[in-house]
Amino acid sequence: LVRSRSLLHPKPSFSAVDRMSHIQGENVALKSQQNGADLKKNYEVLKEDAVDAFNYHEMRKNAISELKKAHKNPYPYKFHVSISLADFIEKYSSLCPGEHLNDISVSISGRVHAKRSAGSKLIFYDIRSEDCRLQVMANIRHYKSEAEFHAINEVIHLGDIIGCAGSPGKSKLGELSIIPHEITLLSPCLYQLPHMHYGVKDKETRFRQRYLDLLMNEEVRRRFITRARIVNYVRKFLDDLG
């Protein structure tokens, strides 16, 4: 009986054990490579999160000083916006995934709420303006100069207001984007913003820094806008009554 059981469930040979350990080792190596790629993609975000608020403020002040020394104005006087984010989304949302309108050039502006890197030649930004969000897909192939591409993307951080001139398109995953050939830093943010995923949760911070609460929490901002519209309607109604 014992012999028959051993025939039904034979012990793995030494070569089989080696093969299993080799496969497990390959899986671990593949997983570590994937984790390394994910870390590389999120390098910009992790680098900013690792700096405390005081050092971040000093770092941004020094960066602005370096721009001024290089005769680059960190606060340009004017930037022409040809289309708002809401109109951009309404006009080009019907594009197919991977489609890129090279013959059309538009210019938009907004505040950077997220920055993701897919290597040194492809960087994604999420900009927001007028309760709308749009992705900026900065690709070095479509930028006017490789040197200027690296220079501007090293300067831009979360909270900065930027202007983008480029062509509308969609990524391969179907995300509506603008593919810029030029990015302009319009107003750098000197203070570190909370992470967009978590927002501002602390009640004391929300009430003491209401501007930060309105900037980070979209639901709170919409509630304030609705409240202001209701107050204006009631005031207008009472004024019309005399």
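Is Cys 164 buried or exposed in this predicted model? At 0% relative accessibility, Cys 164 counts as buried, a word used here for residues under 20% relative accessible area, with exposed meaning over 50% and partly exposed in between (1.4 Å probe, protein chains only). The model is predicted, and local features need pLDDT of at least 70, side-chain atom pairs count only at pLDDT 80 or more, and totals for chains, interfaces and linings use all residues. Residues are numbered from 1 along each chain as its sequence is written, and side-chain values use heavy atoms, with hydrogens and water left out.

**View 1. Surroundings of Phe 88.** Leaving out residues up to four places away in sequence, Phe 88 touches, among others, Ile 83, Val 106, Leu 134 and Leu 176, where contact means heavy atoms within 4.5 Å.

**View 2. Leu 95 in a loop.** Leu 95 lies in the loop between α5 and β1, helices (H or I, at least four residues) and strands (E, at least two) being DSSP runs numbered from the N terminus. Leu 95 is buried, with a relative accessible area of 11%.

**View 3. Tyr 233 in helix α9.** Tyr 233 belongs to helix α9 (residues 218–241) and is exposed, with a relative accessible area of 60%.
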